[in-house]
Structures are given as C-alpha cells and as structure tokens.
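Please examine the structure below with attention to how its side chains pack and pair.

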Amino acid sequence: MPNSLFPMPGSAQRAAVPGRARAKVALEPGHSPLDWANLQREQGPRLRGDQPLPPQYTRVTKEEVKQHRTKDDAWTIINNKVYNITPYINFHPGGADEIMKGAGRDGTTLFMKYHPWVNVDTMLKNCWIGVLAPQ
C-alpha cells in the first residue's frame, strides 16, 4: 500500500486540515463517546423530551425549531429530521459552542461539512423528535 494513512491527508476527519482547523475541547469527566452510548441505552427515547407521538408521526415546523436554540433547550434539523440536541451538547467533541451553531435551525450543512462519516440516525437515535413539516 503506497499510502496507508487513515484518515487521508486533507480529510475533514483530521484534526488540522489547512484552512479548516478543528479544535477539540477537553470534555468533562463522564462525557466521552462511550458515556453517551451508555446514556442512550439507559435513557432511551426519554432523551427526546416530552414528545407524545413516535417520531415518525410528529411533524415539526422550522418556526417551532427556531424556538429551541438555548443550551437548556436546543433542537436542530439534520437531513429533514428534527433532533433534541440538548442532552448531547456536553458530549460534543468540538464543545458546546460548536454544536450550538446548529441549534434552532437546519444544521445539515454544518453537520455534513465536519461529520460526513457520522451516522446521525444512530448517534442521536433517542433524541429524534420528528420530521420536518413541508413548507
């Protein structure tokens, strides 16, 4: 193999990509990816908040998402699905300030720019509130 580097040089997965430097932050104890996986397993759908219907039946408007843009109550849209990212904020490897850039709005472009390899449906499965309502 001529180049066995992973991730490839210039990949968004690298911490320092020229012109797109990514800063990782030190997470508080108990906020590792494994801790997040355990919390999802333990809490299950309770992570999505007080939503009465299963996510596939809940339609959420962009106006409703805009009302949830604080660290205590943050929703985002990724790939036309609405997620309550509030419980995930302190687990985000880039820090709270970075994930909050998508709070209250469609975060698909940001998510795909920095995490195209991440399966959001798995990572935030228990935070799924519903689908974006047609305009």
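Two strands are taken to pair if DSSP finds at least two bridges between them. Helices (H or I, at least four residues) and strands (E, at least two) are DSSP runs, numbered from the N terminus. The model is a predicted one, in which local features need pLDDT of at least 70 and side-chain atom pairs count only at pLDDT 80 or more, while totals for chains, interfaces and linings use all residues. Residues are numbered from 1 along each chain as its sequence is written, and side-chain values use heavy atoms, with hydrogens and water left out.

Strand β3 (residues 59–60) pairs with β8 in the parallel sense over two bridges, and V60 stands opposite L132 in β8. Strand β6 also pairs with β8, but here the two run antiparallel and are joined by three bridges; K81 stands opposite V131 of β8. β8 is mostly covered, as five of its five residues are buried. Buried here means under 20% relative accessible area, exposed means over 50%, and partly exposed lies in between (1.4 Å probe, protein chains only).

The nonpolar packing comes next. In soluble globular proteins, nonpolar side chains tend to be buried together. A nonpolar core is defined as a set of buried Ala, Val, Leu, Ile, Met, Phe, Trp, Tyr and Cys residues joined through side-chain atoms within 4.5 Å. The largest such core has 19 residues, of which W36, Y83, I85 and L124 touch the most other members. Two or more residues of this core come from each of β5 (73–78), α3 (96–99) and β8 (128–132). A second, separate core holds seven residues, including W75, I77, I129 and L132.

What does Y83 touch, not counting residues up to four places away in sequence? With contact meaning heavy atoms within 4.5 Å, the partners of Y83 are A74, W75, T76, I78, V120, D121, L124, C127, W128 and I129.

W36, already named among the core residues that touch the most other members, also takes part in ring pairing. Rings of Phe, Tyr and Trp (its six-membered ring) pair if their centres lie within 6.5 Å; planes under 30 degrees apart count as stacked, over 60 as edge-to-face and the rest as tilted. By this rule there are three aromatic pairs. One of them joins W36 and Y88 in an edge-to-face arrangement, 4.9 Å centre to centre with 70° between the planes. Because W36 lies in helix α1 (residues 33–43) and Y88 in the loop between β6 (81–84) and α3, this pair ties together parts that are 52 residues apart in sequence. W36 and Y88 are both buried. W36 also forms a tilted pair with F91, at 5.1 Å centre to centre and 55° between the planes. F91 lies in the loop between β6 and α3 and W36 in helix α1, so the pair ties together parts that are 55 residues apart in sequence. The relative accessible area is 5% for W36 and 9% for F91, which is likewise buried.

Charged side chains complete the picture. Side chains of opposite charge can pair when their charged atoms come close. A salt bridge is counted when a side-chain nitrogen of Lys or Arg is within 4 Å of a carboxyl oxygen of Asp or Glu. A search of the whole structure finds four salt bridges.

One of these is formed by K81 and D121, with 3.2 Å from N to O. K81 lies in strand β6 and D121 in helix α5 (residues 120–123), so the pair ties together parts that are 40 residues apart in sequence. Both are partly exposed, K81 at 23% relative accessible area and D121 at 38%. K81 also lies over the face of W128, at 4.5 Å from the ring centre; a charge sits over a ring if NZ of Lys or CZ of Arg is within 6 Å of the ring centre and within 35 degrees of the ring normal.

Another salt bridge joins K71 and D97, whose closest N and O atoms are 3.7 Å apart. This pair links distant parts of the chain, with K71 in the loop between β4 (69–70) and β5, and D97 in helix α3, 26 residues apart. K71 is partly exposed at 47% relative accessibility, whereas D97 is exposed at 58%.
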